[in-house]
Amino acid sequence: MAALILISVGVLFNLFGCLGLLRLPDMYNRLQAATKCVTLGCCSILLGVMFHYGLGSAGFRALVAIPVLFFTATVAAHALVRGAYHFGTKMDKRSVKDDYSEIVK
Amino acid sequence: MRYVTVFILSMIFWLLITFSFTVSNIVAGAAAAALTSAIFGRYYFHNVGKFLQPKRWFWFLVYLVTFIRECIKANFDVAYRVLHPAMPIRPGIVKVKTTLRSDFARTLLANSITMTPGTITVDIIGDEMYIHWIFIRSEDPAVYSRMVTGRFEEYIKKFAE
């Protein structure tokens, strides 16, 4: 039962992440939705898998995958957002502040 | 000494992820861990003694609990902005100063900031971090620095510095 709830919540958050990808205006904001919702969604699914299989072989692997996912997702987000800025991707016109422009000419 | 630490950590990781305790698996794991520690050992853990201080483990647990709470909050925050018909966003990149010194601590702080409500670390130059924020709540650098780094900075300082 707990497994079912966790997996449903995970799928729901993944859906929100995908909606964010479609609705948000520029690359930087889309990445926010993609990293946060999708990471927690996947963690929730993995936790659900752990509850489903118990703390056996599959359960432990699911548990170990969570910190790995956290580190890789954040590092990938960092690399993508920095790469996009240096490539010259424009920020949305609703943006109110850009301190990074003093560094990147 | 730090090569040994990296070796032990990668060995534990290997055993957890393969989850079999046959001799051949342990030998293969030891070989992989030895290779990993030979290549990457010099980048991590400049002072291994820190692992043995219980105070640091305590602050690590405090940090972990705060981190998980903030992370869940972050998700509801982003989900709210995505689902709201008018999309209440006010994005921008802000500059925040950090007092953390070591690379490891700064990496942890940058990763924590990326997982917390509406913020992604774009770059670290010197002791200044550039952070993309989906909804800038304040114009005052002192106020928003506090909001972005939150309590993470002091906790990380207590266990990783």
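Start with helix α6 of chain B, residues 152-160, and colour its buried residues: Phe152(B), Glu153(B), Tyr155(B), Ile156(B), Phe159(B) and Ala160(B). Now look down the axis of α6(B). The buried residues fall within an arc of 165 degrees, so they line one face of the helix. Keep in mind that this is a predicted model.

Next, show what covers that face. Select α3 (54-83), α4 (103-115) and α5 (141-149) of chain B; these helices are among the elements covering the buried residues of α6(B).

Move to the strands. Select β1 of chain B, residues 92-97, and β3 of chain B, residues 128-133. The two strands are antiparallel and share 6 bridges. For one of these pairs, pick Val94(B): its bridge partner in β3(B) is Ile131(B).

Stay on β1(B) and bring in chain A. Strand β1 of chain A, residues 97-98, runs parallel to β1(B), and 2 bridges join them. Zoom in on Lys97(A), which stands opposite Gly92(B).

Now widen the view to the contact between the chains. Here 33 residues of chain B are in contact with 37 residues of chain A. On the chain B side, select α1 (2-18), α3, β1, α4, β2 (119-125) and β3; each supplies at least two residues. Which element gives the largest share of this side? Highlight α3(B): it supplies 8 residues, the largest share.

Conventions:
Residues numbered from 1 in each chain as written. Chains lettered and ligands numbered in written order. Predicted model: local features only at pLDDT ≥ 70, side-chain atom pairs only at ≥ 80, totals over all residues. Pairing = 2+ DSSP bridges. Helix = DSSP H or I, 4+ residues; strand = E, 2+ residues; numbered from the N terminus. Buried ≥ 20, exposed ≤ 12 C-beta atoms within 10 Å, placed from the backbone. Arc of directions from axis to C-beta. Contact = placed C-beta atoms within 7 Å.
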